[in-house]
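Hi,

Here is the structure I promised to pass on. Have a look at it first, and then read my notes below.

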Amino acid sequence: MVQCLILATVIAILIAVLTVRIPWLAGLANGVSAVGLTIPSFAMIGLMIGPFGFGPLPAVVVVTFFAALPILRNALVGLSGVPAETVEAAKGIGMGRLRRLLTVELPMAWPVIMSGIRVSGQMVMGIAAVAAYVLGPGLGTFIFNGLSRLGGANALNQVVVGVVGVVILALILDLLLIGVSRLTIRRGIRA
Amino acid sequence: MPEHAAHNAELDAESAQSAESAGNSQSAGGTEHGAAILLQEVTKRYPGQAKPAVGGLTLEIPSGSVVMFVGPSGCGKTTTLKMINRLIEPTEGEIIINGKDVTDMDGDKLRRQIGYVIQAGGLFPHMTVAANIALVPKMLGWDKKRIAARVDELLELVSLDPAVYRDRYPKELSGGQQQRVGVARALAADPPVLLMDEPFGAVDPITRQRLQDELLAIQDELHKTIVCVTHDFEEAMKLGDWIAIFDEGAQLVQYDSPERILAQPANEFVESFIGSGAGLKQLSLTRVKEAELSQPVTASPGDAASDVLSRLQGDGGRYAVVLDSRRRPIQWLTARQLSRMQFISDQVDQELPIVGDQATLNDALDEMLVATTGNALVTGPRGAFIGIIDVETVTQAITDARSASGESEAPVGLNSGAMSAVAVAATQEQEPDDALPMDGREA
């Protein structure tokens, strides 16, 4: 789960960095992140059984895919929101492309990217539960088991345990992410 | 500060030689530290535009002098400036700094050797003041100790107390302070050339005037080659040794000293740019430090008020000026105020009418009018007190200045491709040395 989120963050930022200065590519990336979110996660998981079979792998692929979308979107917004004068000041004192990116643009876009990661963290919890359908690990197993035996003994309880578990996990993750924001957003740009 | 210059070897290599050949009158004030810049038939064309943004501009910028680019917006002055550090790559032509063609050296390396100041400082909001200033030295691989010492030295230079401001973030500073840090960052690696793009456009008039004074005081110490873009002709007159007036397409209309542009505008365009009241603008050409200053009684916090009072009465002046440990004025007290206190306090009077010694008489008059006093306190380098100027002195100086107008041979600047191969050293024109009573940066 958390690993998926980290992987998604890395992928999303990479794509954003590569596309943000090229208008048509940035538009495309934005489009994909918007349309991607409308794909029902359940359908997506079903589709992944084809290439990846059952087990954790399709679950990881799907969760990472969905997790990357809000982060990508926010990374694009954050990076293009770095004022042109600031970028020019960085160029003007002789910073190269990579140094500009690492020491100026990403740190300045970081608060926006971080809020994307938090949205992603919430959303992905629900999707991860559904991923249990393809026999991935997690609390989703409780939910699916319960639903399939609905009306049977303790079936409803089992579903509730799964759902509450997911919600609690989501809250814990969000708290963690808030902590990470506090630690990684520099004081000069903290709201 | 030659110890900071070592890494600038590439651009500094010929500075000694060029300083010599320049025979520059400013060498009297210290070592020559700037670099001569020559733009040789530089053209910038943007695709899809019929007219070039800059058309065949040849311009010589003498080492150690302040050259102001003025002109209407969109005239290409900023484009010209940015071609010097190659933020904008010229389409044609050569840019020669200290005899070295920089058009094909690595742009990032070049820019680390040229200070660059933009409006509002262009500071990075997520870095502290110290981290902002340390950027270029870090890229040049200085060790930590040297960087820390340099940061403090620079903060002192721009009149910010290192202990107070070092660890602040840009948003915790006023506009004027941000601009100061911007200047400090540009000077961090002691570059021979400083480029400024409308540096004081974003601050209020009084702060702007102080920043201008400070820049001149800094220039007095460091003798950089400064190229500064502005749309404000008053600012150009105040800061510039030479002013280049541009029209559309970076067509150079006049390139001369402020005095001569004022006295002999090349054409109607220049006249309209100078604006009406050119006579009064003479006020902007005379500097406070050329005027006669009076020396009042001074005191320090903690002195017994009665002592100071008796000294003041003995002196016959109106004010006793209280100076802090760095000789910066913090209050001025009349005999009446002194008679009511026991000891001099260390509180700082924010309303003091203070002008730098590089300020123009115009500024001094402004300051007196705002403070509704007939006097203003004059401060020198790093805010140290040097005397009091009064309104009579200002009016006298205006009268004296009226008739004076300088003869000078301006550096080369033209647009046609007619001039071929101008050697840098050969075109180093002398600064006007015929005892201009109005030019403040000499002697």
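A term to begin with: two residues are in contact if their C-beta atoms, placed from the backbone, lie within 7 Å. This is a predicted model, so local features need pLDDT of at least 70 and side-chain atom pairs count only at pLDDT 80 or more, while totals for chains, interfaces and linings use all residues. Residues are numbered from 1 along each chain as its sequence is written, and chains are lettered from A and ligands numbered from 1 in the order in which they are written.

Let's start with B:F246. Leaving out residues up to four places away in sequence, B:F246 touches B:F69, B:G71, B:C75, B:G76, B:K77, B:Q251, B:L252 and B:V253. You'll find B:F246 in strand β9 (residues 242-247) of chain B; strands (E, at least two residues) and helices (H or I, at least four) are DSSP runs, numbered from the N terminus. Is B:F246 buried or exposed? B:F246 is buried, because 28 other C-beta atoms lie within 10 Å; the cut-offs are 20 or more for buried, 12 or fewer for exposed, and partly exposed in between, with C-beta atoms placed from the backbone.

Next, the cores. A nonpolar core is a set of buried Ala, Val, Leu, Ile, Met, Phe, Trp, Tyr and Cys residues joined through C-beta atoms within 7 Å. The largest has 132 residues, and those with the most contacts inside it include A:A16, A:V63, B:M68 and B:A244. α6(A) gives the most to this core, 14 residues. Apart from it lies another core, of 26 residues, among them B:A299, B:A320, B:L333 and B:V355.

Chain B also has an open sheet of three strands, in the order β11-β12-β13, with mixed pairing (two strands pair if DSSP finds at least two bridges between them). β11 (297-299) and β13 (329-333) of chain B are at the edges with a single partner strand each, so one side of each has no neighbour in the sheet. Strand β12 (residues 320-323) of chain B runs antiparallel to β13(B), and four bridges join them. In one of these strands, β13(B), B:Q331 is the bridge partner of B:V322.

Finally, the two chains meet: 17 residues of chain A are in contact with 19 residues of chain B. On the chain A side, α5 (84-92) and α6 (97-131) are the elements that give two or more residues, and α5(A) has the largest share, six residues.

Cheers
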